[in-house]
Amino acid sequence: MAEAGRRVVSRKARTKTTSGDPSLVWFRHDLRLQDHPALDEAAGTGAPVIPVYIHAPEEEGAWAPGEAGRWWLHQSLKSLDAGLRRLGSRLVLRRGASADVLAKIAGETGARTVFWHARYEPAAFARDEAVEAGLLRRGLKVRALSGSLLHEPQDVCTKQWTPFQVFTPFWRACTARGEPPVPLPAPARLEAPKRWPKSVALGSLGLEPKLGWTTGLQATWPPGPAGAAERLSSFLEGATISYHDDRDRPDLEGTSKLSPYLHVGAISSRQVWHEVRAWATSTRRSGATEGADAFLRQLIWREFAYHLLCHFPETPEQPLRSKYAAFPWSKDPQALRAWQRGRTGYPFVDAGMRQLWATGWMHNRVRMVVASFLVKHLLLPWQVGAEWFWDTLVDADLANNTLGWQWAAGCGADAAPYFRIFNPVTQGKRYDPDGDYVRQWVPELSQLPTKWLHEPWAAPKTVLSESGIELGQTYPEPIVEHAFARKRALAALASIKGVPPSPSPKRSRGRKQP
DNA sequence: TTTTGAGTTGTTCGA
DNA sequence: GTCGAACAACTCAAA
């Protein structure tokens, strides 16, 4: 149904825009060739297509890509350019104000139409509106299409026409809309313009960090659609079947690890959705449907994150539940640094933080545990954690990061109940039962018997010394005692119990169709 | 407008 | 060791 609708729109537009004039395709978080409605529609006109990427970090507000994100962007752009060249095309790279750059390239090439996919981050959304208005003023046509989500944020709403704030009803509403559109194939070839406009070198954008700390990243993340396809097929072969059971196990390869690819759009959510569905119907192994459904539900969480970001655009900075603005957060740079560096003295937490630093990624279960630890054990504001994740995650995505941190802090939509304070020892024992994960990322504890691995302070002195561990020297003492921290967090939460939600500003506002 | 049932991911305590 | 209850009150979404 939805698929038919989208294709009808495309066809209509195609006849309308058909002419010999070139088109610009403005690439942003859609660095791929397959299932790229904007590229598909531009190529469908038969006229030359000029793929453009504009480096304009100042237009992203407070959320320009961090270190890891910039590195990943660099790799992803390089891969996109290579893919375009295989189609007889190339990526034109520029820096500067997006509206000016697009108008300038259009002027240089005689392009009449600019295609792109909607973005939903508040700064990018506002920027896109301004760019569109500016281009229209200059007599250019704009085709802003849907290309990054399964369901547009304004297409899913409650019976009262309000945005959802609880996942399960949101998920049901998505399900009721039926299967998302099937992915489009990549264009067979792209018509080149008579003369290519000039392009700056990728290296000149300064996306790659100067220092050579990216070795771990390179080994972990082969970029582009090829890297994404590789990840997806190995997930389908290996882990989808057991996803329901293994997805919480950071010591196993139980998750898809597709988040970095989804963020830059090296693969689309629709491609993932349909490949997983196809796999589930074709495989005869038992548990396939269960595993696939559990995974597809996670894709809907991504939709939910975008839905919330779109309708509550202040949430990257402000708690959705406004009374949390009165929460008595502390300020403790030393504790923050211990958390960031993986030196809290809780092995499971430290393993996660070190995995993040080394690979630009952290298992989701561990993200919850380290987030809970920062917010509830250390009483540091969730925004501080969100900023650190933003800078270090290869998959740093404003919608997902915001949802995750507000959930962990208890101040978001569908938040964790106040009493849900993770015990980092219990979580470690449950989800890293053999200690493989901790041993990998906290090697100074690797000789410690599994029995004590998640709580080295509880080990007998002889065991510690036989394992080559001196607490406070080779590995830190716990930065805060769990039972104490738990009581302190509950007391802090109780202190805002009666605080009424602030009456203004009005938070919920729908946004018009991009 | 009011009512009703429900809400991703836990922990602790005591029987 | 296992198991069930308690842990607040609040807000959302639908009827």
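Asn423 is buried in this predicted model, with 20 other C-beta atoms within 10 Å (buried means 20 or more such atoms within 10 Å of the residue's own, with C-beta atoms placed from the backbone). Asn423 sits in the loop between helix H17 (398-409) and helix H18 (424-431); helices here are DSSP runs of H or I, at least four residues long, numbered from the N terminus. From Asn423 to Asp40, 383 residues away along the chain, the C-alpha separation is 50 Å.

Helix H18 packs against helix H14 (residues 347-359) at an angle of about 70 degrees, and the axes are 8 Å apart (axes are lines fitted to C-alpha atoms over the stretch in contact, with angles from 0 to 180 degrees between N-to-C directions). H14 and H18 are therefore roughly perpendicular, a label for angles of 65 to 115 degrees. On the H14 side, Pro347, Phe348 and Val349 meet Pro424, Gln427 and Gly428 of H18, where contact means C-beta atoms within 7 Å.

Chain A splits into domain 1 (2-148), domain 2 (149-186 + 222-311) and domain 3 (322-495), with bounds from an automatic or database assignment. Nine residues from domain 1 and nine from domain 3 make up the contact between domain 1 and domain 3.

Residues are numbered from 1 along each chain as its sequence is written, with chains lettered from A and ligands numbered from 1 in written order. Because the model is predicted, local features need pLDDT of at least 70 and side-chain atom pairs count only at pLDDT 80 or more, while totals for chains, interfaces and linings use all residues.

Note on methods: Two residues are in contact if their C-beta atoms, placed from the backbone, lie within 7 Å. Helices (H or I, at least four residues) and strands (E, at least two) are DSSP runs, numbered from the N terminus. A residue is buried if 20 or more other C-beta atoms lie within 10 Å of its own, exposed if 12 or fewer, and partly exposed in between; C-beta atoms are placed from the backbone. Angles under 35 degrees count as roughly parallel, over 145 as roughly antiparallel, 65 to 115 as roughly perpendicular and the rest as oblique.
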